[in-house]
Amino acid sequence: MTRLKALNPEEVTGKTKELFNAVQAKLGVVPNMMRTMGNSDAVLEGYLNLSGALSHGKLSSRTGELIALAVSQSNSCDYCLAAHTFISGQLLKTDTAVLLAARNGASEDNKTQAILKLAKVLISKNGLVNDADVDAAKTAGVTDAEIAEIVAHVALNVLTNYFNNTAGTEIDFPRVNAI
């Protein structure tokens, strides 16, 4: 059941209208999460800015999506699991087995495995990782810049997971449930 209203893009004005127009131009649609975030243009703008900045980072879009799946699974966010499964599978053409493994923090690629493991550890330890956690990622070839971006991706996904779990955002992607 939804707890926060998803705004109608045809009825909003001001900064929210500008942000919705930008999302519509980029995606062709304003997803329910963004329509709901639009209740606070500051929240929507913050989400869009961090997401946009990370899209130009060292980590690939595919890796960012795999981190999103790992974090969303940890936080039992059905909205984000559905959205990122759709984006990863349909748009980035990532194999279903890879997506399922990522949800559990696993990958056949050693570096991706280390990235997902660090993301899961960040969640399980509430960000209080230790030297061994960071060293394990570095040993697998993860750079300092990539570690910084892993933390940012985790933070971005915690924001969206907590937001959608609180709002009860109506899922507008093919449904995927936490396992």
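Predicted model: local features only at pLDDT ≥ 70, side-chain atom pairs only at ≥ 80, totals over all residues.
1. The pocket holds about 170 Å³ of space, and its lining consists of Asn75, Leu122, Ile123, Asn126, Gly127, Val151, Val154, Ala155, Val158 and Tyr162. Helix α9 is the top contributor, giving five residues; α7 and α9 each supply at least two.

2. Now for the largest pocket, at about 1,100 Å³. Its lining runs to 37 residues, and Leu27, Tyr47, Ser51, Glu65 and Ile87 lie nearest the centre. Two or more lining residues come from each of α1 (14-27), α2 (32-37), α3 (41-54), α4, α5 (78-91) and α9 (144-167). Of these, α5 has the largest share, with seven residues.

3. Have a look at how α4 (residues 61-74) sits against α7 (residues 110-124): the two pack at an angle of about 35°, and their axes are 9 Å apart. The crossing of α4 past α7 is right-handed.

4. Which residues make that contact of α4 with α7? From α4 come Thr63, Leu66, Ile67, Ala70, Val71, Gln73 and Ser74, which meet Thr112, Ile115, Leu116, Ala119, Lys120 and Ile123 of α7. By class, the contact has eight nonpolar residues, four polar and one charged. Ile123 of α7 is in this contact and also in the lining of the second largest pocket.

Notes: Residues numbered from 1 in each chain as written. Heavy atoms only, no water. Axes fitted to C-alpha atoms, helices over the stretch in contact; angles between N-to-C directions. Helix = DSSP H or I, 4+ residues; strand = E, 2+ residues; numbered from the N terminus. Left-handed = near helix turned anticlockwise from the far one by under 90°. Contact = heavy atoms within 4.5 Å. Nonpolar A, V, L, I, M, F, W, Y, C, P; charged D, E, K, R; others polar. 1 Å grid on protein atoms, 1.4 Å probe; cavity = no way out; pocket = protein on both sides within 12 Å on 5 of 7 lines; lining within 4 Å. Points joined across faces, edges and corners; volume = space filled by probe spheres on them.
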